[in-house]
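Hi there,

Here is the structure I promised to pass on.

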There are 2 protein chains.
Amino acid sequence: MVAFSPTPRTLMGPGPSDVHPRILASMSKPTIGHLDPEFSRLMEDIKKQMRSVFLTENTYTLPLSAPGSAAMESAFVNLVEPGDKVVVCANGVFGMRMAENVRRIGGELVLVEDPWGEPVDPEKLREALKEHPDTKVVSMVHAETSTGVRSDVKELCKIAKSFGCLTIVDSVTGLGGVELQVDAWHIDVAYSGTQKCLSAPPGISLITFSEAAAEKVKSRNQPVQSWFLDLSLLMAYWDGDGGGRTYHHTAPVNAMYGLHEALAMLLEEGLESSWNRHARVHKELANGLFGLGLDFVVAEEHRLPQLNLIKCPDETDEASIRKRALEDFNLEIGSGLGVFAGRVWRIGLMGYSARKENVSLCISALKECLAG
Amino acid sequence: MVAFSPTPRTLMGPGPSDVHPRILASMSKPTIGHLDPEFSRLMEDIKKQMRSVFLTENTYTLPLSAPGSAAMESAFVNLVEPGDKVVVCANGVFGMRMAENVRRIGGELVLVEDPWGEPVDPEKLREALKEHPDTKVVSMVHAETSTGVRSDVKELCKIAKSFGCLTIVDSVTGLGGVELQVDAWHIDVAYSGTQKCLSAPPGISLITFSEAAAEKVKSRNQPVQSWFLDLSLLMAYWDGDGGGRTYHHTAPVNAMYGLHEALAMLLEEGLESSWNRHARVHKELANGLFGLGLDFVVAEEHRLPQLNLIKCPDETDEASIRKRALEDFNLEIGSGLGVFAGRVWRIGLMGYSARKENVSLCISALKECLAG
């Protein structure tokens, strides 16, 4: 069996993003036991780092030993019981996935839909809540990875709160790239991934539960349907140090080394500096794309700097351009999903990928590929 | 924030085991996209390797992007619908966890219990199935990590099949360390982990479904309650190469590099050679322990070579011995769980940890620690 040697790529798709060498190096350190006192201290550090990047005081802030889609499922299976009414704001793939989660739990789904490529309309949410005053949970996607749209989470959560609802916010692609304020914006559950603006490899995720959310979990009538994602069991595993922790599963030790390093790097840079860097590099990308005669799908005020949905010119085969960029330039850019399949490219500028040299390569490679 | 530098340990607990440097090195290779053609080829390779180590022709053989406890949940949520009768054979922590999975799904649980430290009694299973002829699924643990006991999976599955049941086998600690024959033994779902006899870091798991099991999943009346663990969605993601794959989640790219390398190493050594090595090194450990006046909990014919449950002498504080082994010798050995808490040590000889030098260190360190 020949050893696998991946060709080094520049990752400018919807994730994973380029992983910083510091993070790769941290993950190749020797594996220690998941109940080793040194690992318990690492877990404590990670929880503190996570509170800093989520801008929250939430006790129930922890990594999950599975990717972002499991974090989404964890948010819903813990907060929603069969029969609970849930308003899901959907304007892309990940909003629709939230709806599917509610269905599988047996929740009563109220879908508030907006067109793909547009943000969630706060007025539609308000109307839905007026019509369904018995709604218990409202969910939304902060940064829709499928469309490159940012929704106004602060405003949406304010509306949800005025109707007494708990709020779930998907910020898999948001955290670190654009402002996210868990406590100040009244978010009850927020989650994110490692492979976007944190620039660690994919595989694990980050989640935080407010006191109100934790209260809801504790007062459930039925156990959480997933044993693996049950918050109460997870907290007993992640809580305390040394002998105090209760065995649940075996934590992905080396992936946690990487998460710790990724969070350390984000905190060294500073959250605002990171948001500003993403905005600045996005501007450079936009200028370069305009120079090639290309344009965005999303209106300027709703664009995510870290994920850019670009219209493919009518006469161009989008797949062949991506194929050539990968084969000739080792440059990965993403394809469209759902209604955008075959019509757009998704260009990511997330975390360590949000660098001037990446923009430069992307523009010059696209120029050559488009010239045919 | 200071970088995390774990102290190198010798891992002889119940997992993770020592990770071979080849595997750590493979995981620090550059991250590529999860839809990159090179990654698709890696996924195809891994599925082939997995069929070789599980000794199966099953099409539905794939890694899961979460640890072994999620693989257990995946087996149950896919195969069991609410109201289905399930016989769970339990003789330790992981059998009891299976029972908890059945309860959370709303299955009708029939528990066949054997004392901790003893194997599952085939006659009890036969009696239970006579009493419950409408049983649909029978589950059991091949290698009980909490007790160091091997059960006779071949015989148990034969009985289950004679009653027309599907079989689920947990071989998280078994695979690679002792014989496991998925097809020849009529196992419908088997799963394992990376951090035991495969000697890769914890974080992902391996699972295989027979045609009959896949048929059951396809003919379900209700969708699988977990979106993240739904076999149909996972197979669409793992199937085919290049453009044929349907996006589900983002695979843990670097962890898959490690799994590929770990499976390659096991196949290079050969399955039988690996089983024989574990048996041989276990014998050396046993001789050393007898020399110290220590003894096993489990009767010789039911012992797992890779996980050894050792009685702690009455006058000895088991925790202080483990603490000293870790602090003075950087040697991790495990504590007891459940009924064995405080009364035993669990000494792992799994995968790369099953080496003569590890036995030597363990015996001499224990000798010194026990001398006080």
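Predicted model: local features only at pLDDT ≥ 70, side-chain atom pairs only at ≥ 80, totals over all residues.

Chain B has an open sheet of seven strands in the order S2-S10-S9-S8-S5-S3-S4, and the pairing is mixed. S2 and strand S4 (108–113) of chain B stand at the edges with a single partner strand each, so one side of each has no neighbour in the sheet. On average, neighbouring strands are turned by 15 degrees against each other, direction ignored.

Five of its five residues are buried, so S5(B) is largely enclosed by the rest of the structure. Val137(B), Ser139(B) and Val141(B) point one way from the strand, while Val138(B) and Met140(B) point the other way. On one hand, S5(B) runs parallel to strand S3 (residues 85–90) of chain B, joined by three bridges, and Val86(B) stands opposite Val137(B). On the other hand, S5(B) pairs with S8(B) in the parallel sense over five bridges, with Val137(B) opposite Leu166(B).

Moving on from there, strand S8 (residues 166–170) and strand S9 (residues 189–193) of chain B are paired in the parallel sense over three bridges. Asp170(B) has Tyr191(B) in S9(B) as its bridge partner. H7(B) packs on the sheet, where it touches S2, S8, S9 and S10 of chain B, and its direction makes about 110 degrees with that of S8(B).

In helix H8 (residues 231–238) of chain B, the buried residues are Leu231(B), Leu233(B), Leu234(B) and Trp238(B). They lie on the same side of H8(B), because the arc they cover around the axis is only 160 degrees. Among the elements they pack against are helix H2 (37–54), helix H3 (68–79) and helix H7 (211–218) of chain B.

Trp345(B) belongs to strand S13 (residues 344–348) of chain B. Is Trp345(B) buried or exposed? Trp345(B) has 26 other C-beta atoms within 10 Å, so it is buried; the cut-off for that is 20 or more. Its contacts, leaving aside neighbours within four places in sequence, are Ile310(B), Cys312(B), Glu318(B), Arg322(B), Ile333(B) and Gly334(B). Cys312(B) is 33 residues from Trp345(B) in sequence, yet the two are 6.6 Å apart in space, C-alpha to C-alpha.

**Where the chains meet**

The contact takes 61 residues from chain B and 61 residues from chain A. On the chain B side, the largest share, nine residues, comes from H9(B). That side divides into 31 nonpolar, 20 polar and 10 charged residues.

**Helix H12 in chain A**

Last, have a look at helix H12 (residues 356–371) of chain A. Its 16 residues should span 22 Å at 1.5 Å a residue, and the end C-alpha atoms are 23 Å apart, which agrees. Asn358(A), Val359(A), Cys362(A), Ala365(A), Leu366(A) and Cys369(A) are buried in H12(A). Because their arc around the axis is only 145 degrees, they sit on the same side of H12(A). The face turned away from that side carries the exposed residues Lys356(A), Glu357(A), Lys367(A) and Ala371(A). Following H12(A) is Gly372(A), with a positive phi near 90 degrees.

Enjoy exploring!

Best wishes

Notes:
Residues numbered from 1 in each chain as written. Chains lettered and ligands numbered in written order. Helix = DSSP H or I, 4+ residues; strand = E, 2+ residues; numbered from the N terminus. Expected span 1.5 Å × (residues − 1). Buried ≥ 20, exposed ≤ 12 C-beta atoms within 10 Å, placed from the backbone. Arc of directions from axis to C-beta. Contact = placed C-beta atoms within 7 Å. Pairing = 2+ DSSP bridges. Axes fitted to C-alpha atoms, helices over the stretch in contact; angles between N-to-C directions. Nonpolar A, V, L, I, M, F, W, Y, C, P; charged D, E, K, R; others polar.
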